Amino acid sequence: MIAELPAIDLTVHHQPRGVSDRVAYGFVKALRFFADTFFATRYGHRAVVLETVAAVPGMVGATLTHLKCLRRMCDDKGWIKTLMDEAENERMHLMTFIKVCQPTAFERFVVVAVQWVFYLFFFALYLISPKTAHRVVGYFEEEAVISYTHYLAEIDEGRSENVRAPVIAIRYWGLAADATLRDVIEVVRADEAHHRDVNHGFANELVGLPLGDVAPCPPHVVLEPNWKRAA
């Protein structure tokens, strides 16, 4: 375990207020039901599929925010970089869990199908109601924190093997050379708690509500673009 891992509040839950919050919460709970039914306790396989979906909202939100700011010729208040970082972070979660649990051919098909359906759905939702879209992500991340907490319990109780951490995870989060899967899951869970609070905060900001506290993001390597490395 890295010493810098921040403590997170696992009990955080945004109580739905109004119709859009209830729709967002109901939608996420429906997704949770299907994930629980399909994957059961196969948390590694669940992570591979769901992290593919989780990397979509940040990219969609950043794209549409960028275009809106261009049209209105206004400042983005840091939203674009924040959302792009979220998308990249979720992609690194996926790259990590692929090393832990190789997806089956059927799961790869599910990834492609679900990603396209979810991308089109979320794109339309963000155009209609950015507040609802960010609330969906906030609730999605609440469920991710719960799922990774269950995954940790599976390891602690001996039902899942605590294998060595993939090299990609050790490099990205700066883990110890002898880090294990349990260490990886803890930093991933902390990432998800951070995204949870950021997206609930964005949803609140859009309707003038208090932003709330944000769980600190675990330290990780900043993946610089090629043009910066070449400069």
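Trainee: Where does Gly78 sit?
Mentor: Gly78 is in the loop between helix 2 (43-72) and helix 3 (79-100). Helices here are DSSP runs of H or I with at least four residues, numbered from the N terminus. The model is predicted, so local features need pLDDT of at least 70 and side-chain atom pairs count only at pLDDT 80 or more, while totals for chains, interfaces and linings use all residues. Residues are numbered from 1 along each chain as its sequence is written, and side-chain values use heavy atoms, with hydrogens and water left out.

Trainee: And is Gly78 buried, exposed or partly exposed?
Mentor: Gly78 is partly exposed, because its relative accessible area is 33%. Buried means under 20% relative accessible area, exposed means over 50%, and partly exposed is in between (1.4 Å probe, protein chains only).

Trainee: How far apart are the C-alpha atoms of Gly78 and Ala179?
Mentor: They are separated by 33 Å, and the two residues are 101 apart along the chain.

Trainee: Switching to charges, how many salt bridges are there?
Mentor: The count is 10 salt bridges, taking a side-chain nitrogen of Lys or Arg within 4 Å of a carboxyl oxygen of Asp or Glu. One of them pairs Lys131 with Asp21, with the closest N and O atoms 2.7 Å apart. Lys131 lies in helix 5 and Asp21 in helix 1 (residues 18-39), so this pair ties together parts that are 110 residues apart in sequence.

Trainee: Are Lys131 and Asp21 buried or exposed?
Mentor: Both Lys131 and Asp21 are buried.

Trainee: What about Glu143 and Arg32?
Mentor: Their side chains meet in a salt bridge too, at 3.1 Å from N to O. Glu143 is in helix 5 and Arg32 in helix 1, so the pair ties together parts that are 111 residues apart in sequence. Glu143 counts as buried because its relative accessibility is 9%, and Arg32 is buried with a relative accessible area of 12%.

Trainee: New topic: how many aromatic pairs?
Mentor: There are 12 aromatic pairs. Rings of Phe, Tyr and Trp (its six-membered ring) pair if their centres lie within 6.5 Å; planes under 30 degrees apart are stacked, over 60 edge-to-face, and the rest tilted. Tyr172 and Trp173 make an edge-to-face pair, 4.8 Å centre to centre with 80° between the planes. Tyr172 and Trp173 are both buried.

Trainee: Which residues do ring pairs link into a cluster?
Mentor: The cluster holds Phe27, Phe118, Phe121, Phe122 and Tyr126.

Trainee: Last one, how many cavities of 30 Å³ or more?
Mentor: Two. A cavity is a set of points on a 1 Å grid over the protein atoms alone where a 1.4 Å probe fits but cannot get out, and lining residues have an atom within 4 Å of a point. Volume is the space filled by probe spheres set on the points, which are joined across faces, edges and corners. The second largest cavity has a volume of about 60 Å³.

Trainee: What lines the second largest cavity?
Mentor: Its lining includes Val53, Pro57, Glu86, Phe118 and Phe140. Helix 2 and helix 5 (130-156) are the elements that give two or more residues to that lining, and helix 5 gives the most, with four residues.

Definitions and conventions
On a 1 Å grid over the protein atoms alone, a cavity is a set of points where a 1.4 Å probe fits but cannot get out, and a pocket is an open set with protein on both sides within 12 Å along at least five of seven lines; lining residues have an atom within 4 Å of a point.
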